[in-house]
Amino acid sequence: MRIDVVSLFPEEVDRCTAFGVTGRARERGLLQLHGWNPREYADGNYRKTDDRTFGGGPGMVMLVEPLRRCLAAVRQADPTPVHVVYLSPQGRRLEQKRVRELAAMPRLVLLCGRYEGIDERLVQAEVDEELSIGDYVLSGGELAAAVVVDAVARLQDGALNDAGSAAQDSFEDGLLDCPHYSHPVEHAYGTVPEVLRSGNHAAIARWRRQQALVRTWLRRPDLLQGRELSKVDRKLLEEGLRALEQ
Ligand SMILES: NC(=O)c1ccc(NCc2ccccc2N2CCOCC2)nc1
């Protein structure tokens, strides 16, 4: 998968994805990341990329023309058709389902706004999809772009080792993940639950599913809205909630 990032600070996204799973995906050629700076396509010796907003009011707006030229160069760099995503607080909320769809695309262009954002004419003419990573405001779209790069990189075939992909699946079915434990068994902070050391894989799977259901019910009931739980899951959840009351 190829991702082109258009940003006044392209190195910010590069640095956020240089380590761990994303770094390994890049080393393995599962993901190619290219940074582009619209300032290189701006006019004049100040290479202006922004200007005052029409209608008055505070803040500056990123100009159409440097971005148009930059995006033309991005398209020209590779024959693969692009899907242009603009990261902004006005975008549709990014969820794992959309991450999976983006991860399946051959090529993405991530457009990062700074100042008060980008001239709407560029957005209307060039952007395929406006996405928000959450209802909060960042000083620029770069960190949002890095989130998208991370989320799609780990879904590339070969990016995760087996355990990782297993963990991935458990979250995938729309529930929160269960708690995890490692050594030592006994610690001042508590003891590892007996069932996880029993070697009884059916009981372990049951316990993990029950924990995931109870956690989702208590922390993110919205994830269970409009979802028919199977009889087994309903029983597990009820039993798990009762156990909490004791
Ligand atoms: N939730 C998100 O995905 C998200 C994404 C970007 C972002 N900021 C860059 C930005 C991009 C587009 C428009 C405005 C802005 N902003 C620039 C700074 O001022 C506020 C508005 N913030 C949050």
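This is a predicted model: local features need pLDDT of at least 70, side-chain atom pairs count only at pLDDT 80 or more; totals for chains, interfaces and linings use all residues.
The expected span of a helix is 1.5 Å times one less than its number of residues.

**Figure 1. Helix 6 and its surroundings.** Helix 6 covers residues 142-153, which makes twelve residues. From its first C-alpha to its last, helix 6 reaches 16 Å, close to the 16 Å expected at 1.5 Å a residue. Nine of the twelve residues are buried, so helix 6 is largely enclosed by the rest of the structure. The buried residues include Ala144, Ala145, Ala146, Ala151 and Ala153. Val148, Val149 and Val152 are also among them, as is Glu142. In general, an α-helix has 3.6 residues a turn, so residues three or four places apart point the same way.

**Figure 2. The residues around the ligand.** A shell of 18 residues surrounds the ligand, and the closest are Tyr86, Tyr115, Ile133, Gly134 and Leu138. Strand 5, residues 83-93, supplies the largest share of this shell, with four residues. By type, the shell consists of nine nonpolar residues, eight polar residues and one charged residue.

Figure 3. A polar backbone atom of Ile133 lies 2.8 Å from an oxygen atom of the ligand. For Gly134, a backbone N or O atom is 2.8 Å from a nitrogen atom of the ligand. A backbone N or O atom of Leu138 is found 2.9 Å from a nitrogen atom of the ligand. Of the 500 Å² of accessible area that the ligand has on its own, the protein covers 91%.

**Figure 4. Two residues with positive phi.** Tyr115, one of the residues closest to the ligand, stands in the loop between strand 6 (107-112) and helix 5 (120-126). Its phi is near 55°, a positive value in a residue other than glycine. Tyr115 has 36% relative accessibility and therefore counts as partly exposed. Arg47 is located in the loop between strand 2 (32-36) and strand 3. Although Arg47 is not a glycine, it has a positive phi of about 45°. Arg47 counts as partly exposed because its relative accessibility is 37%, which falls between the limits of 20% and 50%.

Figure 5. A disulfide is a covalent bond between the sulfur atoms of two cysteines. The count of disulfides in this model is zero. Cys112 is in no disulfide, and the nearest cysteine sulfur, that of Cys16, is 10 Å away. Such a pair would have to lie within 2.5 Å to count as a disulfide. Cys112 is buried, with a relative accessible area of 1%. Cys178 also counts as buried, at 7% relative accessibility.

Figure 6. Arg2 belongs to strand 1, residues 2-6. The side chains of Arg2 and Asp4 are joined by a polar contact of 2.7 Å. Arg2 has 11% relative accessibility, and it therefore counts as buried.

**Figure 7. Two loop positions.** Thr53 is found in the loop between strand 3 (50-52) and strand 4 (60-62). With a relative accessible area of 26%, Thr53 is partly exposed. Thr53 and Glu116 are 63 residues apart along the chain, and their C-alpha atoms are separated by 8.7 Å. Pro184 is placed in the loop between helix 7 (162-172) and strand 8 (186-187). The peptide bond from His183 to Pro184 is cis, with omega near -5°.

Methods. Residues are numbered from 1 along each chain as its sequence is written. Side-chain values use heavy atoms; hydrogens and water are left out. A residue is near a molecule or strand if one of its heavy atoms lies within 4 Å of it. A polar contact is a pair of N or O atoms within 3.5 Å; within protein, one must be able to donate a hydrogen and the other to accept it, and residues adjacent in sequence count only if both atoms are side-chain atoms. Accessible areas come from the Shrake-Rupley method with a 1.4 Å probe; for residues, only the protein chains shown count as cover. Ala, Val, Leu, Ile, Met, Phe, Trp, Tyr, Cys and Pro count as nonpolar, Asp, Glu, Lys and Arg as charged, and the others, Gly among them, as polar. Buried means under 20% relative accessible area, exposed over 50%, partly exposed in between (1.4 Å probe, protein chains only).
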